[in-house]
Amino acid sequence: MTMQALAVEDPSGVAAARREAVARADGQGMGEAGLGAVALVATEMATNLLKHAGRGTVLAGTYGSLPDAADADDGGVELIALDRGPGMADVLACRRDGFSTAGSAGQGLGAIARQSALFEIFSRPGQGTAMLARIPRRPRSAPAATQATTWGAVSVALAGQEVCGDAWGVRALPEGLELMVADGLGHGPAAAKAAAAALRCFFGSAGRAPAAMLEAMHGELRPTRGAAAAVARLQGSTIVFAGLGNISGVAVGGGEMRRMVSMNGTLGHAARRFQAFTSTLPPSPLLVLHSDGIGSGWRLEDYPGLAMLHPSLIAAVLFRDFGRPRDDATVLVARWGAAP
């Protein structure tokens with residue numbers, strides 16, 4: 001699922017963010033109350049960007065609607081606000097109604113939280129703020145339960161392109177989780193067609209080992225311009241990873257960063273060998289897969305506390321700080337709760 005990135009630099013950006021968010025909600029079949037909630041959240045998020053950072057970006061997308069998704073939520077609209085402003089010294093204080101540093105009534109963050117099934121903020125003084133809100137498709141009588149295994153992604157097309165040349169997928173397995181990221185060569189419709197073919201093959205290859213999935217993708221992508229892709233299978237305390245081309249895979253946990261190994265080649269065109277590597281997961285692991293639209297120099301230890309937050313927020317911060325403006329960019333993050 002591709003997200004729309006909307007620059008907020010003046011009041012017209014606030015209106016654009018609201019329109020895109022409401023369009024996403026309408027596409028999810030939300031009723032009048034849901035549309036109103038989404039409009040309010042998008043407006044407050046975008047307005048906060050102008051008030052406190054001067055400018056920023058709102059990412060608008062949906063969640064919970066992939067086939068065989070491991071996310072137990074029924075789905076809805078996902079909104080993320082990103083800025084490089086002054087940040088917050090005390091996030092908890094800023095979330096309380098009546099707290100304001102801009103001379104306003106201080107109701108904005110509280111209003112967002114009340115309309116959202118999930119609302120999280122990551123902020124550091126001098127490093128900016130990232131804010132995540134998920135507004136459910138259907139009203140809930142109680143907050144969603146915290147899950148040991150969760151996932152989230154940010155996938156954004158190159159500026160000026162109508163479609164993203166990347167694709168990603170998540171599939172639940174018996175006592176496991178399987179993830180895939182594909183990056184079609186180049187940009188635009190032809191790249192998107194190649195990535196979409198890899199995604200269809202991923203969902204159509206249930207039961208195959210990760211290396212066998214890549215081999216199947218290789219055959220399916222021959223009529224396309226080709227793609228890089230990686231598949232990761234998490235079961236128990238192990239990860240099986242198979243990649244071809246420049247998709248990065250990193251397991252993070254217990255103070256460690258373990259980089260996965262991808263083979264050289266291009267699915268659909270040049271692939272000498274399909275090989276998977278099995279390794280033991282670190283404690284309390286996060287798995288991060290991303291296309292080469294994200295630089296590889298990141299370290300979660302540079303963001304104290306971020307690893308404890310929702311995977312979508314982790315993905316968004318990496319996109320903000322390491323996204324390459326001349327490429328499609330995708331980050332998929334999963335927190336795996338079954339490993340010791």
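Reply: Start with strand S6 (150-156), which supplies the largest share of the lining of the largest cavity, 3 residues. The model is predicted: local features need pLDDT of at least 70, side-chain atom pairs count only at pLDDT 80 or more, and totals for chains, interfaces and linings use all residues. Residues are numbered from 1 along each chain as its sequence is written, and side-chain values use heavy atoms, without hydrogens and water.

Strands (E, at least two residues) and helices (H or I, at least four) are DSSP runs, numbered from the N terminus. A cavity is a set of points, on a 1 Å grid over the protein atoms alone, where a 1.4 Å probe fits but cannot get out; lining residues have an atom within 4 Å of a point. Points are joined across faces, edges and corners, and the volume is the space filled by probe spheres set on them.

The count is 1 cavity of 30 Å³ or more. The largest cavity holds about 60 Å³. Its lining consists of Met1, Met3, Thr62, Tyr63, Glu78, Arg134, Trp151, Gly152, Ala153, Trp168 and Ser312. S2 and S6 are the elements that give two or more residues to it. By class, this lining has 6 nonpolar, 3 polar and 2 charged residues. Here Ala, Val, Leu, Ile, Met, Phe, Trp, Tyr, Cys and Pro count as nonpolar, Asp, Glu, Lys and Arg as charged, and the others, Gly among them, as polar.

Now the open space. A pocket is an open set of points with protein on both sides within 12 Å along at least five of seven lines. The largest pocket has a volume of about 640 Å³. Its lining has 25 residues, and the closest to its centre are Ala5, Thr57, Arg84, Phe319 and Arg320. Strands S1 (4-8), S2 (56-63) and S3, with helix H7, each give two or more residues to this lining. S1 gives the most, 4 residues. The pocket lining divides into 12 nonpolar, 6 polar and 7 charged residues.

Phe319 leads on to the core. A nonpolar core is a set of buried Ala, Val, Leu, Ile, Met, Phe, Trp, Tyr and Cys residues joined through side-chain atoms within 4.5 Å. Buried means under 20% relative accessible area, with exposed over 50% and partly exposed in between (1.4 Å probe, protein chains only). The largest core has 29 residues, and Phe319 is one of those with the most contacts inside it, including Leu59 and Val154. S6 and H7 are among the elements that give two or more residues to this core. H7 gives the most, with 7 residues.
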